[in-house]
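Please look at the sequence and the model first, then read the points below by topic.

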Number of protein chains: 2
Amino acid sequence: MTDVSRPAISPGASPLFLREDEVRRGIELLYFGYTRLTNAIDQELGKQGLGRAHHRALYFIARKPGLTVGELLKLLAITKQSLGRVLKELQDQGFILTSPGVVDRRQKLLRLTEKGEGLEAELFRQLREKLSSAYVSAGQESVTGFWHVLEGLVPESDRKMVLDLRGDNS
Amino acid sequence: MTDVSRPAISPGASPLFLREDEVRRGIELLYFGYTRLTNAIDQELGKQGLGRAHHRALYFIARKPGLTVGELLKLLAITKQSLGRVLKELQDQGFILTSPGVVDRRQKLLRLTEKGEGLEAELFRQLREKLSSAYVSAGQESVTGFWHVLEGLVPESDRKMVLDLRGDNS
DNA sequence: CGAGATACGTCAGTCATGTTGACGTATCTT
DNA sequence: AAGATACGTCAACATGACTGACGTATCTCG
């Protein structure tokens with residue numbers, strides 16, 4: 001497929017100055033790949049009267065049930081006012097429920113209701129369909145490479161937060 | 001780094017149903033990687049009183065000088081009203097200039113001014129810094145894998161448009 | 001040549017999602 | 001008891017998208 005056998009980095013060049021086309025190709029594929037993947041669920045969200053912002057909250061609550069508002073704020077990197085609106089709408093429509101923190105009662109712990117779990121599962125199903133097919137057509141080695149490059153785009157200061165999403169939510 | 005040697009696809013499972021964690025990892029890294037990369041230029045754009053939408057237009061005009069409004073609309077996948085506002089602002093501030101189409105005078109061809117080229121180059125420099133460092137830390141093989149997976153996320157119907165950005169703008 | 005399609009522009013109103021700034025309350029820490 | 005922290009909320013505003021309707025210049029084709 002295309003000309004991937006061509007070296008992506010000119011052998012003699014400084015590794016900090018990759019060939020411009022290689023970088024532009026990454027920028028473009030990241031833009032188109034990301035937007036097309038997220039487009040995949042817009043219709044389903046629309047049916048429920050929700051938007052992308054609601055999905056992001058739903059997603060992370062599904063990923064780490066019982067996480068606090070503060071933790072979610074860090075993941076989403078938006079203001080508490082913006083998040084507050086989104087969470088209120090999700091709660092009013094019965095997608096999430098909250099409970100006071102056990103160790104610290106100032107905290108509010110977020111969980112999905114059954115309805116919320118159902119919606120998140122359906123949205124995830126559609127994302128998995130798209131991403132799985134990309135994984136399969138690219139092959140296993142490509143997938144690990146895909147992860148490695150993306151990990152390198154996440155600043156050191158955020159990396160722990162991102163990697164902590166895996167593993168400890170079983 | 002982490003446990004990438006573990007098979008990403010359970011050997012016995014259908015390739016269309018990859019393990020959930022593998023897919024979630026991709027979703028999350030794509031989200032964080034994409035947002036962190038685009039964050040990198042927000043400050044510079046702010047200085048010029050521009051936003052992300054302006055950068056996307058600027059980027060594609062730089063990538064394919066002389067492209068038409070219609071072509072840019074297809075790339076950005078937004079309405080002509082939205083694009084119209086963005087282009088007007090870019091033109092008013094002297095970043096782009098337009099000329100009537102040569103073969104079809106209904107068309108408007110878009111190009112960067114010197115000022116526009118300067119800004120685009122500076123924004124590109126900052127994106128390249130981030131992306132190059134991710135490429136280097138991931139390694140050459142990872143980079144081609146990164147591209148392959150992302151190409152798989154672009155629907156067949158859009159792939160030609162995306163691949164056409166490369167090569168013929170020398 | 002004339003009719004219709006096409007490329008582009010524009011007016012007007014709306015929506016989703018983000019922002020800043022200021023303040024209030026309950027709870028925890030020391 | 002004082003101060004920090006977690007969360008909520010009111011108000012005003014910015015950005016960038018949307019729909020719908022219309023207007024003009026230009027091209028294409030019967």
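In chain B, B:Thr68 stands opposite B:Leu109 of strand S3(B). The model is a predicted one.

**Strands of chain B**

- B:Thr68 and B:Leu109 face each other where strand S1 (residues 67–68) and strand S3 (residues 108–112) of chain B pair in the antiparallel sense, over 2 bridges.
- Strand S2 (residues 96–100) of chain B is also joined to S3(B), by 5 bridges, and the two run antiparallel.
- B:Ile96 has B:Leu112 as its bridge partner in S3(B).

**Sheet of chain A**

- Chain A has an open sheet of 3 strands in the order S1-S3-S2, with antiparallel pairing.
- The edges of this sheet are strand S1 (67–68) and strand S2 (96–100) of chain A, each of which pairs on one side only.
- Between S2(A) and strand S3 (residues 108–112) of chain A there are 5 bridges, in the antiparallel sense.
- A:Ser99 is placed opposite A:Leu109, a residue of S3(A).

- Helix H6 (residues 114–138) of chain A packs against helix H1 (residues 20–39) of chain B at an angle of about 85°, and their axes are 10 Å apart.
- Because of that angle, H6(A) is roughly perpendicular to H1(B).
- The residues of this contact divide into 6 nonpolar, 2 polar and 5 charged.
- On the side of H6(A) they include A:Phe124, A:Leu127, A:Arg128 and A:Tyr135, and on the side of H1(B) they include B:Glu20, B:Val23, B:Arg24 and B:Ile27.

**Around DNA strand C**

- DNA strand C is surrounded by 22 residues, and the closest are A:Arg56, A:Ser82, B:Lys80, B:Arg106 and B:Lys108.
- Of the atoms of DNA strand C that come within 4 Å of the protein, 55% belong to sugar and phosphate.
- A:Arg85 has a polar side-chain atom 3.1 Å from a base nitrogen of DNA strand C.
- Helix H3 (52–63) and helix H5 (80–92) of chain A, together with helix H4 (69–76) and helix H5 (80–92) of chain B, are the elements that give two or more residues to the surface near DNA strand C.
- H3(A) provides the largest share of that surface, 4 residues.
- The surface near DNA strand C has 4 nonpolar, 9 polar and 9 charged residues.

**Around DNA strand D**

- Which residues come nearest to DNA strand D? Of the 22 residues around it, they are A:Lys80, A:Arg106, A:Lys108, B:Arg56 and B:Gln81.
- Sugar and phosphate make up 57% of the atoms of DNA strand D that come within 4 Å of the protein.
- Phosphate oxygens of DNA strand D lie 2.8 Å from a backbone N or O atom of A:Gly70 and 2.6 Å from a backbone N or O atom of B:Thr79.
- A base oxygen of DNA strand D lies 2.3 Å from a polar side-chain atom of A:Lys80.
- H3(B) gives the most to the surface near DNA strand D, namely 4 residues.
- By class, that surface has 4 nonpolar, 9 polar and 9 charged residues.

How values were computed:
Residues are numbered from 1 along each chain as its sequence is written. Chains are lettered from A and ligands numbered from 1 in the order in which they are written. This is a predicted model: local features need pLDDT of at least 70, side-chain atom pairs count only at pLDDT 80 or more; totals for chains, interfaces and linings use all residues. Side-chain values use heavy atoms; hydrogens and water are left out. Two strands pair if DSSP finds at least two bridges between them. A residue is near a molecule or strand if one of its heavy atoms lies within 4 Å of it. A polar contact is a pair of N or O atoms within 3.5 Å; within protein, one must be able to donate a hydrogen and the other to accept it, and residues adjacent in sequence count only if both atoms are side-chain atoms. Ala, Val, Leu, Ile, Met, Phe, Trp, Tyr, Cys and Pro count as nonpolar, Asp, Glu, Lys and Arg as charged, and the others, Gly among them, as polar. Axes are lines fitted to C-alpha atoms, for helices over the stretch in contact, and angles run from 0 to 180 degrees between N-to-C directions. Angles under 35 degrees count as roughly parallel, over 145 as roughly antiparallel, 65 to 115 as roughly perpendicular and the rest as oblique. Contact means heavy atoms within 4.5 Å.
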